[in-house]
Amino acid sequence: MKDNTKILTIITYVVLLSSVSILLNDMREFDFNQFKEFQNWAKAANKNDSWFTSKNAIQWSYYTISAGLFFWRGCLIYGFSYFLSILKEIENGNYFSDKNIKYFKKIGNIFIWYTVNVLILRFLLAAINKSSFNFFNELKAEFTFLIPAGLAFFILAEIFKRAKDTEEENELTI
Amino acid sequence: MLAKRKMRSNELAEIIDITPANLSILKSGKAKAVRFSTLEAICKALDCQPADILEYVED
């Protein structure tokens, strides 16, 4: 069991580090200088002009949404880091601990919120670019599988809660 | 019952093969359940009936 935990910990570290490096690389490739251009425009812009209809505002929204997508990807990676905490608890022999139940719920929450928010942000991005957004096509995308995965973690949390009660009852049966 | 038989808790725990900590849980009433095998061992060690060691107390 301990060997399996070690293998799982190594795999989780590999997944975490790859996800972080991919995210950092994407952020590096993203042109943040556009924000500076926007700031310059904001300073020089005519205050009487309609803000929302201007091209710069649309561009600003695009970059804000992109930043939001980066943020949620960061959150997802943070969610992955809970796997390490769960594995550490298992390694210590605390299988059905309160901490594990809490971590499962947190992972479930992060997975579901990530999918919902990324869907919303992609919709907004499509609206800004005036491209078509097909909700069902988006639902077919790989990342939406995180919703059932999130639900599975909530179910696991409930099972672990019941298991913890049973374990306690068993320990108090003399 | 232990006092009647002039027996110490640790001795009883050793006879019925449970830890003194578990016997303490039993004595304090914190236990959620008692196995028939444990009850049988206690009755055998103390030479008594289950009714002699069990008592119903309303909450």
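A nonpolar core is taken here as a set of buried Ala, Val, Leu, Ile, Met, Phe, Trp, Tyr and Cys residues joined through side-chain atoms within 4.5 Å. Buried means under 20% relative accessible area, exposed means over 50%, and partly exposed lies in between, with a 1.4 Å probe and protein chains only. The structure is a predicted model, in which local features need pLDDT of at least 70 and side-chain atom pairs count only at pLDDT 80 or more, while totals for chains, interfaces and linings use all residues. Residues are numbered from 1 along each chain as its sequence is written, chains are lettered from A and ligands numbered from 1 in the order in which they are written, and side-chain values use heavy atoms, with hydrogens and water left out.

Chain A contains six helices and zero strands, where helices (H or I, at least four residues) and strands (E, at least two) are DSSP runs numbered from the N terminus. Along the sequence the pattern is α-α-α-α-α-α. Of the 174 residues of chain A, 34% are buried. The chain exposes about 11500 Å², of which carbon and sulfur atoms supply 62%; accessible areas come from the Shrake-Rupley method with a 1.4 Å probe, and for residues only the protein chains shown count as cover. Contact means heavy atoms within 4.5 Å. Among contacts in chain A between residues at least 6 apart in sequence, 78% join residues at least 24 apart.

The largest nonpolar core has 33 residues, and A:F111 and A:Y114 touch the most other members. Two or more residues of this core come from each of α1 (2–29), α3 (55–91), α4 (98–128) and α6 (146–171) of chain A. The largest contribution, 13 residues, is that of α3(A). Leaving out residues up to four places away in sequence, A:Y114 touches A:W72, A:R73, A:L76, A:F143 and A:L146. Apart from this core lies another, of 13 residues, which includes B:I18, B:I25, B:I42 and B:C48.

A search of the whole structure over all chains finds three salt bridges, each defined as a side-chain nitrogen of Lys or Arg within 4 Å of a carboxyl oxygen of Asp or Glu. In one of them, A:R73 pairs with A:D26, and the closest N and O atoms are 2.7 Å apart. A:R73 belongs to helix α3 and A:D26 to helix α1 of chain A, so the pair ties together parts 47 residues apart in sequence. Both residues are partly exposed, A:R73 with a relative accessible area of 26% and A:D26 with 27%.

Another salt bridge joins A:K164 and A:D98, at 3.2 Å from N to O. With A:K164 in helix α6 and A:D98 in helix α4 of chain A, this pair ties together parts that are 66 residues apart in sequence. A:K164 counts as buried, at 19% relative accessibility. A:K164 also forms a salt bridge with A:E168, with the closest N and O atoms 3.6 Å apart. A:E168 and A:K164 are four residues apart in helix α6 of chain A, and therefore separated by about one helical turn. A:E168 is partly exposed, with a relative accessible area of 35%.

A:T173 is located in the segment after α6 of chain A and is buried, with a relative accessible area of 18%. Its side chain reaches the backbone oxygen of A:E169 at 2.8 Å. Neighbours within four places in sequence aside, A:T173 is in contact with B:A33 and B:R35.

Terms used. Polar contact = N/O pair within 3.5 Å; in protein donor to acceptor, adjacent residues only side chain to side chain.
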